[in-house]
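Hello,

Here is the structure I promised to pass on to you. Have a look at it first, and then read on for what turned up in it.

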Amino acid sequence: MTDDDDTTTEASTESSDEPASERHATGRYDVLVVGGGVAGLTASVFTARAGLSTVVVNDGEPIVRRNAHLENFPGFPAGVNSNLFTDMLGAQSTRNGADHVEGRVTEIRRASGDDGEGDREGDERAGDDSGASRFVADVEDVGEVAAQYVVASSWADADYLDGLGVEIRDAGSKRYVDDDGLGRTTVEGVYVAGRLSERYHQAIVAAGHGAEVAITLIHDSEVPYYHDWVAPEGYFTDRGREVPPGCEEIDETERRARERESMAVMQEYFSEPHPERQRTHPSLVDDELGRLADDE
Ligand SMILES: Cc1cc2nc3c(=O)[nH]c(=O)nc-3n(C[C@H](O)[C@H](O)[C@H](O)COP(=O)(O)OP(=O)(O)OC[C@H]3O[C@@H](n4cnc5c(N)ncnc54)[C@H](O)[C@@H]3O)c2cc1C
């Protein structure tokens, strides 16, 4: 046994039984991700894959769309169009089960009955697939979304957290949300990911931090979790071990099928230049190169 796979935990995680459309209709989720940039979308991939019902609420353009050509994100030797990259990340989030809602979160408050003191007797927590929500978010022109956990990844807006008492640092015109190093804010159940937590202003850092924060959240929830790994058939079981929660073993036929599908999907994505025009800083509204500001 190596030191990176030393578990004896059994049973695998289960996805929420509730179809995405019904969760959307009731507006009640395990995880609300505020902000659909690199950090938030990556966090949603991990929480959704762990079986936590997840919604990403995003307003406006992720900042990476202003980039002219993304050349330092691992895995793209010649770089990638940042719009294409963001589209693919969004599709990955959806494919893994996260819902997506367009709208601005204006306030998050405690659900009535939640005293902010952590678990209450009789309160069913995330992973039990039901139960009272801890937080309610107002989404402009959309309505309310309720959730057990919030991931704030909404660079550069933290104002909707003010009512909860989350500790936020003012730095000139910017506001950064404090965390414990793993994404937990000063309010239990509320996490922060990406640039909003003053991590470095790079896409790979935002992605890595989104993943790290999501895994922190999963560990804090009731969902049994080890690693999100896809392993070859027998990797665990041929050594007399259960497949740990969050992991999956696939045989050679399945591996080849997934590989072929990924090749077809990527060929489609990379078959044509991205149709979106270049975006630039919102202050450059009359840009003579015809590039678009954020709100156009
Ligand atoms: C011109 C430019 C070029 C860049 N080039 C590179 C590069 O080459 N390589 C690199 O590594 N990095 C680059 N970056 C930086 C990189 O894009 C960012 O560091 C990273 O994308 C930040 O991701 P994030 O998810 O933390 O924030 P964001 O991408 O900003 O995501 C936050 C999202 O939340 C939304 N939002 C905000 N408030 C709310 C609200 N109240 N409710 C709902 N949604 C809300 C925002 O509109 C946005 O969509 C570049 C940045 C710029 C501006």
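A crossing of two helices is called right-handed if the near helix is turned clockwise from the far one by less than a right angle, and left-handed if anticlockwise. With that in mind, please also remember that this is a predicted model.

First, the overall picture. The protein chain has five helices and eleven strands. Of its 296 residues, 36% are buried. Among contacts in the chain with a separation of 6 or more, 60% join residues 24 or more positions apart.

Now to the helices. H2 passes H4 in a right-handed crossing. The axes of these two helices come within 7 Å and cross at roughly 35°. On the H2 side the contact is made by Val38, Ala39, Gly40, Thr42, Ala43, Phe46 and Thr47. The H4 side includes Ala203, Ala206, Ala207, Gly210 and Ala211. By class, this contact of H2 with H4 has 13 nonpolar, five polar and no charged residues.

Leaving aside neighbours within four places in sequence, Ala211 is in contact with Thr42, Ala43 and Phe46. Ala211 and Leu41 are 170 residues apart in sequence, yet 9.2 Å apart in space, C-alpha to C-alpha.

H2 also meets H3. Helix H2 covers residues 38-49 and helix H3 covers residues 82-95; their axes come within 8 Å and cross at roughly 25°. H2 and H3 are therefore roughly parallel to each other, and H2 passes H3 in a left-handed crossing. Val38, Leu41, Ser44, Val45 and Ala48 of H2 make this contact with Leu89, Gly90, Gln92 and Ser93 of H3. By class, five of the residues in the contact of H2 with H3 are nonpolar, four are polar and none is charged.

Next, the ligand. Which residues come nearest to the ligand? Of the 34 residues around the ligand, these are Gly35, Gly37, Ala39, Gly60 and Gly194. H2, strand S2 (54-58) and helix H4 (203-220) each supply at least two residues of this shell. The shell has 14 nonpolar, 13 polar and seven charged residues.

Over in strand S6 (residues 143-152) you will find Ala146. This residue is partly exposed, with 17 other C-beta atoms within 10 Å. Apart from neighbours within four places in sequence, Ala146 is in contact with Gly27, Arg28, Ala111, Ser133, Phe135 and Val136. Ala146 and Arg110 are 36 residues apart in sequence and 9.4 Å apart in space, C-alpha to C-alpha.

Finally, some backbone details. Most residues other than glycine have a negative phi, and most peptide bonds are trans.

- A cis peptide bond, with omega about 5°, joins Trp155 and Ala156; Ala156 is in the loop between S6 and strand S7 (168-171).
- Asp141 has a positive phi, near 60°. Asp141 sits in the loop between strand S5 (135-139) and S6, and is exposed, with 8 other C-beta atoms within 10 Å.
- Glu198 has a positive phi of about 65°. Glu198 belongs to the loop between strand S9 (190-192) and H4, and counts as partly exposed, with 17 C-beta neighbours inside 10 Å.

Enjoy exploring!

Best wishes

Methods: Residues are numbered from 1 along each chain as its sequence is written. This is a predicted model: local features need pLDDT of at least 70, side-chain atom pairs count only at pLDDT 80 or more; totals for chains, interfaces and linings use all residues. Axes are lines fitted to C-alpha atoms, for helices over the stretch in contact, and angles run from 0 to 180 degrees between N-to-C directions. Helices (H or I, at least four residues) and strands (E, at least two) are DSSP runs, numbered from the N terminus. Angles under 35 degrees count as roughly parallel, over 145 as roughly antiparallel, 65 to 115 as roughly perpendicular and the rest as oblique. Two residues are in contact if their C-beta atoms, placed from the backbone, lie within 7 Å. Ala, Val, Leu, Ile, Met, Phe, Trp, Tyr, Cys and Pro count as nonpolar, Asp, Glu, Lys and Arg as charged, and the others, Gly among them, as polar. A residue is near a molecule or strand if its C-beta atom, placed from the backbone, lies within 6 Å of it. A residue is buried if 20 or more other C-beta atoms lie within 10 Å of its own, exposed if 12 or fewer, and partly exposed in between; C-beta atoms are placed from the backbone.
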